Amino acid sequence: MFHAELEATSICDIRCLHCPHEAIARPGGRMSWECFTSIVEKIRAHTKGERFSLSFSGMGEPMLNPLIYKFVSHVSADAKTSFATNGSALTEENVRRLAEAGLEMIYLSFNGDDPEIFAQMTGGLPFDRILQNARQSVAGARGHRLRIAANVSITKANQHRVTRIERLLEKEGIGPIAFSLCHERGGNLRDPEVCDTPPMGLDRWRCDVLENTLFVDWRGRAHICDHDLRDEYELGDLTTESLEAILGRRKQLLDDGCSLQICRRCNDILKAGGIYPLESRAGGNFRDWIHYLYQDMDDPFGEANEAMKWIFRIYKNENRSERLANRLIGLEKIARRELSECRERCRSLASENDALVAKIAAIQRTLDERDREFGALHAEFVAMRRSRAWRLMRMLANDLARLRRWTGFAQTGKI
């Protein structure tokens, strides 16, 4: 499904800890109706009647554009619509208007489970008010296509509260819940006190975000992603150029392996969001592994026996934990190969079994045909025995037999 992120506005009313909003160097503003409809018509022409997806997020708070309800209503019949919000404007009336417009999903940015951490993460936004707005949103969505989900950004401030945040959101009926690890936002957020996620360490990478999302700012200009805060990596102006021309430039970047400077230093886990660390896909995708990292656990080594715990301590003591991970991955590959071979043998046996079953079925069909032929012959025989000709023939045969006996007696003189 074609997916575009249209920035309803680059204006925001709060300053989150994990967002470099103050670093935006491109002009700020709100998307106009003319710009929006022009872009949508080009998307409709490109998708040729196929359903597409639009998100109204970006570097601002979508609810600060009063046209957001009109935007959603204009495309809700043929597009999946959504946006991310800080929740400050999710009043009962606004949620009702969004639901009636046909919005499908609100991703609520919810990064704390108590007032102190929540305020730290959102620059002072009151926890109780946003929680109340979330509850009103869940209630207001009932009976409509609208669903309330959540985005949780993990930083050093809230990483120890991830499980508690998850439980709170689930209790309020909010879901699904997506967890993202704080990152540098294309090099625009460099504060190790907020997050110190290491880079991927690759100069070339086929970015999942660029491949699956076309980001268009409030002016109608397409960028490689929303982290291009200085207009350095534009793909083109969608208000004056064709969508196909812009998608062609995007494809070239993907084919080149995203070798741009902003891409090389990107440590956003979403760029590998669809990647599975293990070939067997055990443990889920990249994001699932990050979530697991911060989950509350009574015993992180609960799945390991004493020997494995000791081996881990030895490797860790020698500063060679990566070797242990490498060995485990190697063993996982061996197990996967053996499983693949076992499945192949099973398929071979199943094929042989199918052939045998087919032969048995053919023999059974032959036997059934013989039974039908025998039954038909038997029926003819019974019918023949009941006929007058058969009875007459039997009478003649009996008379002939008696005659022969009498003739025999006469010849022997025993009459």
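Residues are described here as buried at under 20% relative accessible area, as exposed at over 50%, and as partly exposed in between, with a 1.4 Å probe and protein chains only. The model is predicted, so that local features need pLDDT of at least 70 and side-chain atom pairs count only at pLDDT 80 or more, while totals for chains, interfaces and linings use all residues. Residues are numbered from 1 along each chain as its sequence is written, and side-chain values use heavy atoms, with hydrogens and water left out.

The structure contains 23 salt bridges, each being a side-chain nitrogen of Lys or Arg within 4 Å of a carboxyl oxygen of Asp or Glu. One of them joins aspartate 231 to arginine 219, with the closest N and O atoms 2.8 Å apart. This pair links distant parts of the chain, 12 residues apart, since aspartate 231 lies in the loop between β8 (221–223) and β9 (234–237) and arginine 219 in the loop between β7 (214–216) and β8; strands (E, at least two residues) and helices (H or I, at least four) are DSSP runs numbered from the N terminus. Aspartate 231 is partly exposed at 24% relative accessible area, whereas arginine 219 is buried at 16%.

A salt bridge is also formed by arginine 51 and glutamate 104, at 2.4 Å from N to O. Because arginine 51 sits in the loop between α1 (33–47) and β2 (52–55) and glutamate 104 in the loop between α3 (92–101) and β4 (105–109), the pair ties together parts that are 53 residues apart in sequence. Arginine 51 is partly exposed, at 34% relative accessibility, and glutamate 104 is buried, at 16%.
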